[in-house]
Amino acid sequence: MFDFYRAAACVPELSVGNVAFNEKKILEKLEEAKGYEAGIIAFPELAVTGYTCQDLFFQSPLLEASVKSVANIVRATENTTQAVILGAPVVINNRLYNGAYVIVNGTVIGITVKTMLPNYNEFYEKRWFTSAAELDTDNVYIPEIGDYSIPVGNAIVYDLGGVKLGIEICEDAWGPVTPGSWMTLAGAEVIVNISASNEVIGKREYRRELIKHLSSANICEYIYVSAGCDESTQDVIFSGQSIIAEYGNILNENKDFIASDYMLVADMDIGRIKADRMKNTTFGDARKIYRSKLSDVMYISLNDISIPESNGAYIIARKHPFIPSSKTKRLKRCNEIFDMQVGGLVKRLSITGSKPVIGVSGGMDSTLALLVSAKALRQLGRPAADLVAITMPAFGTTDRTYNNSIELIKCLGAEPIVIDIKEACIGHLKDIGHDPDVKDVTYENAQARERTQVLMDYANQCNGLVVGTGDLSELMLGWCTYNGDQMSMYGVNGSIPKTLVRWMIDSVAENDIFPGASKVLRDILDTPISPELLPPDENGEIVQKTEDSVGPYELHDFFLYYVIRFGFSPQKVYFLARKAFKDDYTAAEIKKWLTMFYRRFFSQQFKRSCMPDGVKVGTISLSPRGDWRMPSDASNQVWMDELEEINVD
């Protein structure tokens with residue numbers, strides 16, 4: 001339903017040349033993988049015989065035993081729909097090839113043959129094997145396996161009822177152009193590389209980066225399984241490194257440096273692959289440019305067999321997809337984003353010769369915009385006095401946020417400008433005949449628009465440029481006042497989600513970019529998120545908390561990531577959110593806020609259609625000139641109908 005498919009990379013215990021022993025261990029791993037309900041089960045290169053048999057590959061007893069063993073393993077897959085990829089030698093027209101048998105439901109549906117044969121340093125494969133480049137047939141008949149012809153080639157795409165699979169063998173992935181490149185352009189969504197890659201210092205990390213790159217460049221899932229340490233250690237050692245990657249991300253990887261007799265399992269989300277290929281015009285252009293080469297790719301389709309979809313139990317759904325999981329990576333990411341924000345504003349200020357004008361509320365968004373502006377002036381070699389920081393207390397302003405605003409501005413070397421807008425708002429409400437005691441949306445928005453008017457007019461006075469403070473999450477939900485805080489002359493936070501804004505400020509404090517400001521920055525981070533448009537309580541505390549009205553920002557940012565980045569359906573987004581937030585929110589709460597997300601996302605597009613300029617810093621932007629184009633009057637009925645079908649019981 002959601003395009004989830006489970007992969008198992010199996011590295012069985014092995015005895016070099018002992019085919020019967022290896023067959024037994026392969027069958028054991030095969031049963032174990034079936035127990036995990038894996039749909040794609042891959043074994044290492046030459047797993048039936050062992051990769052390190054050397055000149056024993058020319059011995060007929062070994063080759064005959066290998067064929068019989070493959071036949072036994074094929075029979076063991078009868079009445080199953082898993083795809084099994086098994087490494088074994090194959091003789092075709094009196095030539096020996098390094099093969100990957102693809103087995104489904106008791107049948108070998110194809111044999112992919114290794115193309116790139118390493119013959120340098122410790123490798124001597126050309127001594128024993130022939131490259132697929134020298135194949136003189138596209139099929140082979142192996143009586144021991146069955147009374148049918150088996151397709152054979154070096155670039156075969158296997159369409160297994162919804163999943164398109166391509167096979168590489170070890171060195172095939174190490175060349176400047178890989179067979180997997182052609183297979184993915186021809187439609188393969190999953191590349192399986194069965195390997196026997198020996199270990200030397202530094203190779204593990206190189207191999208890991210190679211697999212990440214291949215899965216990213218080819219927009220595919222990549223299953224890499226390598227021979228374990230039971231191979232011969234006569235001159236080298238094999239580590240058994242296995243990796244399952246998805247479009248540049250590692251889903252799972254074995255932890256032991258030297259390993260054998262294990263199985264690696266992961267759920268792949270092929271929906272991600274389909275979504276990115278659909279929108280990635282470069283991938284489509286490559287298909288056109290290399291169309292003639294793609295005619296060499298063999299396509300095998302099984303109309304009556306579909307490998308089973310997974311229930312998604314092993315799907316990784318991170319709560320905060322915009323935020324790196326480790327502190328080191330998080331600080332590095334935040335520093336880079338901060339530099340991009342600063343760089344964007346530096347360019348705008350240098351062109352206009354303006355002073356940055358910021359409305360400072362004591363909240364996180366205006367704090368980040370203020371920090372960016374201060375750093376931009378520093379980078380331009382201009383004095384901190386050019387920072388025009390205005391705080392505008394109104395009906396909902398608390399002492400805490402007001403004092404934090406004043407202190408932060410001073411810490412940055414600027415002089416706070418205080419303009420109390422309460423009387424102006426009261427006068428305006430009276431002018432339009434609105435009772436100030438009626439604290440409705442008119443009462444609230446009058447304050448937001450008055451603040452924007454003050455900022456714009458003050459900017460005219462001082463040759464200033466109004467720096468917008470609104471973030472990506474607010475734009476997503478339309479949680480901003482049209483022609484109020486929605487408007488500015490340049491928006492530095494426009495592509496940063498609310499969950500990331502917090503860590504951006506934290507990184508500035510952590511790195512002590514503005515000495516003396518860390519204490520007040522920490523207190524700002526501890527302040528509840530609020531527009532402060534309603535009066536505080538009797539204790540002077542904030543009563544209007546944004547997340548009470550629109551829902552938790554961590555949920556909305558999660559929804560935004562999967563809806564905009566991949567175009568997933570409401571039901572799939574709900575499923576992923578249930579996995580990610582199972583200990584934080586009930587099913588009913590997730591559905592409630594997901595419904596709110598879709599309702600507001602559609603109805604508030606008109607605010608995004610006229611948003612100010614601002615640099616894109618991440619994978620998602622809602623700028624109408626950048627990533628997102630949407631009619632302001634589009635209907636959300638299709639999405640709402642699907643939400644109605646979600647049963648939370």
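**Overall picture**

I began with the elements of the protein chain and found 21 helices and 20 strands, where helices (H or I, at least four residues) and strands (E, at least two) are DSSP runs numbered from the N terminus. I noted that this is a predicted model, in which local features need pLDDT of at least 70 and side-chain atom pairs count only at pLDDT 80 or more, while totals for chains, interfaces and linings use all residues. I also noted that residues are numbered from 1 along each chain as its sequence is written, and that side-chain values use heavy atoms, with hydrogens and water left out.

Along its principal axes, the C-alpha trace of the protein chain spans about 100 × 55 × 45 Å. Of the 649 residues, 58% count as buried; buried means under 20% relative accessible area, exposed means over 50%, and partly exposed is in between (1.4 Å probe, protein chains only). I then looked up contacts, which means heavy atoms within 4.5 Å, and found that residues 24 or more positions apart account for 73% of the contacts with a separation of 6 or more.

**Salt bridges**

A salt bridge is a side-chain nitrogen of Lys or Arg within 4 Å of a carboxyl oxygen of Asp or Glu, and my search of the whole structure gave 35 of them. I looked at Glu253 and Arg208, whose closest N and O atoms are 2.6 Å apart. Glu253 lies in strand 13 (residues 249-253) and Arg208 in helix 4 (residues 203-217), so this pair ties together parts that are 45 residues apart in sequence. Glu253 is buried at a relative accessible area of 11%, whereas Arg208 is partly exposed at 22%.

Helix 4 holds another pair, for Lys212 and Glu209 are three residues apart in that helix and so are separated by about one helical turn. Their side chains meet in a salt bridge of 3.9 Å, N to O. Lys212 is partly exposed, with a relative accessible area of 22%, and Glu209 is partly exposed as well, with 37%.

I went on to Asp365 and Lys498, whose salt bridge is 2.8 Å, N to O. This pair links distant parts of the chain, with Asp365 in helix 9 (residues 364-380) and Lys498 in helix 14 (residues 498-510), 133 residues apart. Both Asp365 and Lys498 are buried. I also recorded that Glu13, Lys24, Lys25 and Glu28 are joined into one network by salt bridges that share partners.

**Two helix pairs**

How do helix 9 and helix 15 pack? I found an angle of about 150° between helix 9 and helix 15 (residues 518-525), with their axes 10 Å apart; axes are lines fitted to C-alpha atoms, for helices over the stretch in contact, and angles run from 0 to 180 degrees between N-to-C directions. The two helices are therefore roughly antiparallel, since angles under 35 degrees count as roughly parallel, over 145 as roughly antiparallel, 65 to 115 as roughly perpendicular and the rest as oblique. Met364, Thr367 and Leu371 of helix 9 meet Leu521, Ile524 and Leu525 of helix 15.

Helix 17 (residues 553-566) and helix 19 (residues 587-603) pack at an angle of about 60°, again with axes 10 Å apart, which makes helix 17 oblique to helix 19. Among the residues that make this contact are Phe559 and Val563 of helix 17 and Trp593 and Phe597 of helix 19.

**Single residues**

I looked up Ile358, which is in strand 16 (residues 355-359) and is buried, with a relative accessible area of 0%. Leaving out residues up to four places away in sequence, Ile358 touches several others, including Ser366, Leu387, Leu455 and Thr469.

Last, I checked two backbone angles. Gln54 has a phi near 55°, a positive value in a residue other than glycine, and lies in the loop between strand 2 (40-42) and helix 2 (60-76). Asn463 likewise has a phi near 55°, and is found in the loop between helix 12 (441-462) and strand 19 (464-468). Gln54 is partly exposed at 35% relative accessible area, and Asn463 counts as partly exposed at 46%.
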